[in-house]
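Please look over the sequence and structure first.

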Amino acid sequence: MARENYIFTSESVSEGHPDKVCDRISDAVLDALISEDPLARVACETFATTNRVVIGGEVGLSDQDKLSEYMERIPDIARACIRDIGYEQDKFHYATCEITNLLHEQSAHIAQGVTGERGDEGAGDQGIMFGYATDETEALMPAPIQYSHAILRRLAEARKSGESPLLRPDAKSQISVRYKNGTPVGVTSIVLSTQHESEAQSSADIRAIVEPYIREVLPEDWISDATEWWVNPTGTFVIGGPDGDAGLTGRKIIVDTYGGAAPHGGGAFSGKDPTKVDRSAAYAARYIAKNVVAAGMARRCTVQLSYAIGVAKPLSIYVDTHTTGEVDAAAIERAIPQVMDLTPRGIRTHLDLNRPIYQRTAAYGHFGRAPEADGGFSWEKTDLAEALAKAV
């Protein structure tokens, strides 16, 4: 039997965290290439450290002769990301940091596996992908990760608007949520570390700045006198970002997904075009799990999909409703392929993924976000719920 009373903790990191700077640049490169060529194949990785950004990986275009032309734009794309995030430090400044672009042509052997000899688009790699949904928040996301993201997003808004000018881009949040009868009811501890200008001298100074925003974001009755606060617990945090710690694309996969509340297949998202099932099938699995919960078939749902490189159809579909199901999980498994084509091409078509919609996913989670008019976060729609219910 599932536990009903417990404490669960999740963390988030801000857009200025070194790893998230790299995720942002990788996804910005992807968006730029998809804008020019919707069928571009991209696997872009970024590394950042003191005054340096290195971009590598592979690119396949419909017209490969244009690759060198597009590559000339990459340094400007990276600088625009760093500038928007807000880095103007002496040792990491958007205008002066050195940008090295090592992107190259996609491997022909990988390309042949994806394209397939039969004309059906195969998966870009083998792997397992998980999707998850729970009814404990309006976004059908686990509360700890959803609110950890919300805290940092609110602080970023305050920083960028000039409302809190002492805050700087690099930050991390973590909240421990108390569950009673399986429902989140309060926060037992709040951890917030944020980079700041040198004018702020102590943890107390920073807490005075951030506490109103944290209280604004969390449900009103979740913070009590017993809630522990740990704001900049080590004290001063002036040196941050890639100058304080190196960053790399794809190192925050739990932050990107469900905060540890659900399994993870291990594949990162940022910098990968939607033929890569690491990304697109993880989006599809979340879409299906969310629609199962939205349809009232379960309060919680985990979906697993598996693929082989060069093979179009998923090798397996697994559903777990964690003892909350109103219908048999096996019936849901049988219904899923009736309502959605889970080949890479089918996923890209159903969710309309061949668009420049990825840079915005690089911080504050790929899931639990509102669907956008231009197709962003299409996997967060609940338009499959009725069809799923009928198929079951």
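How close do the axes of helix α1 (residues 18–36) and α3 come, and at what angle do they cross? They come within 9 Å and cross at roughly 135°. This is a predicted model, in which local features need pLDDT of at least 70, side-chain atom pairs count only at pLDDT 80 or more, and totals for chains, interfaces and linings use all residues. Residues are numbered from 1 along each chain as its sequence is written, and side-chain values use heavy atoms, with hydrogens and water left out.

**Helix pair α1 and α3**
- Val 21, Arg 24, Ile 25, Ala 28, Val 29 and Ala 32 of α1 make the contact with Ile 74, Ile 77, Ala 78, Cys 81, Ile 82, Asp 84 and Ile 85 of α3 (contact means heavy atoms within 4.5 Å).

**Pro 75**
- Pro 75 lies in helix α3 (residues 74–85) (helices are DSSP runs of H or I, at least four residues; strands are runs of E, at least two).
- Pro 75 is partly exposed, at a relative accessible area of 23% (buried is under 20%, exposed over 50%, partly exposed in between, with a 1.4 Å probe and protein chains only).
- Between the C-alpha atoms of Pro 75 and Ala 246, 171 residues apart along the chain, the separation is 19 Å.

**Thr 137**
- Thr 137 sits in the loop between β7 (127–134) and α5 (143–161).
- Thr 137 is buried, with a relative accessible area of 11%.
- Apart from neighbours within four places in sequence, Thr 137 is in contact with Pro 142, Ala 143 and Tyr 147.

Definitions and conventions: Axes are lines fitted to C-alpha atoms, for helices over the stretch in contact, and angles run from 0 to 180 degrees between N-to-C directions.
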